[in-house]
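Here's a quick walk through one chain, for anyone who likes to have the coordinates open while reading.

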Amino acid sequence: MILVMMIFGSAQISLGTNNPSDPNEPNDTRDHATPIQLPFSQENLSISPNGDRDIFSFSLDHFTYIHIKLDAESIGSDLDAVLFVLDQNGEAISSSDDANGADPELTVRLDAGHYYLLIEGFDGISTGSYNINAEKQDLGECVKSDLADQGSASWTLGKVQPGSLIQVILSGPANTDFDLLLIEVLSENPSVEAIVSSSQTSGSDESINYRVKGEKPREFIIQVQSFQGSGTYLLCRSIKGS
Ligand SMILES: [Ca+2]
Ligand SMILES: [Ca+2]
Ligand SMILES: [Ca+2]
């Protein structure tokens, strides 16, 4: 009996110091997840008491990249948070623990579907307040096209100012191996080209981030190659100023 009273006592102290006014509670299970729309940002949430889990749900109607940032230690909270991205069956697709100090941050590629974000205290015993921000990465302009087995296709990017960031994302069919190249046009006549960046994983999801060097505008071509397999791919590119 004395033991029970001590636990109650310490729990009350813990709640009092750890922001008990989380407006999303109860949200400890997928059935009670807080529905959100991206971009999403909310402050002054809390993992409290011990063992609390906070779950958010969202849907995507096409593939995209999601960037999630959680601030706890960085805002002076005691919480050592762990972040998971779950699929519709509750299986973890991606997770982040100590990305920025003790705070999670991650970027994950997600297909169309229903997903959950799960936030916990490390080992289920860390508590405290946090802010969360989740947004879709700007994919820029996208095109859909077909590629034959062993084929290749080039997309003109045109002249790009020095200091700009070129971001290219390729999403190809399952069970194929498409690759992505960024080629600089050094001279048109005679034609001289040089590969300045490439992404060549064993699958067909590739991405390039390339900062344009030098003093003058430079001309680029994006090339998609099939190392193995054929089908429809999505190619997105954005150019962000210096
Ligand atoms: Ca909570
Ligand atoms: Ca909760
Ligand atoms: Ca590949």
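Predicted model: local features only at pLDDT ≥ 70, side-chain atom pairs only at ≥ 80, totals over all residues.

Four strands make up an open, antiparallel arrangement, in the order β11-β16-β13-β14. Strands β11 (152-160) and β14 (192-199) sit at the edges; each has a single partner strand, so one side of each is left without a neighbour in the sheet. On average, neighbouring strands here are turned by 25° against each other, direction ignored. Inside the sheet, β13 (residues 177-187) and β16 (residues 218-228) run antiparallel and are joined by nine bridges. One pairing to look up is E184, whose bridge partner in β16 is F220.

Now for the cores. The largest nonpolar core has 24 residues, and L70, A81, L83, Y116, L117 and Y130 touch the most other members. Several strands supply at least two residues each, among them β2 (40-47), β3 (53-60) and β9 (128-136). The largest share, six residues, comes from β5. A second, separate core holds 16 residues, including L170, L182, V224 and Y233.

Here are the contacts of two residues, leaving aside neighbours up to four places away in sequence.

| Residue | In contact with |
|---|---|
| L70 | A81, L83, D103, P104, E105, I119, Y130, I132 |
| S95 | V82, L83, F84 |

And S95 itself? Its place is in strand β6 (residues 92-96). S95 counts as partly exposed because it has 14 C-beta neighbours inside 10 Å. I222 lies 127 residues from S95 along the chain, and their C-alpha atoms are separated by 31 Å.

Conventions
Residues numbered from 1 in each chain as written. Chains lettered and ligands numbered in written order. Buried ≥ 20, exposed ≤ 12 C-beta atoms within 10 Å, placed from the backbone. Contact = placed C-beta atoms within 7 Å. Pairing = 2+ DSSP bridges. Axes fitted to C-alpha atoms, helices over the stretch in contact; angles between N-to-C directions. Core = buried A, V, L, I, M, F, W, Y, C linked by C-beta atoms within 7 Å.
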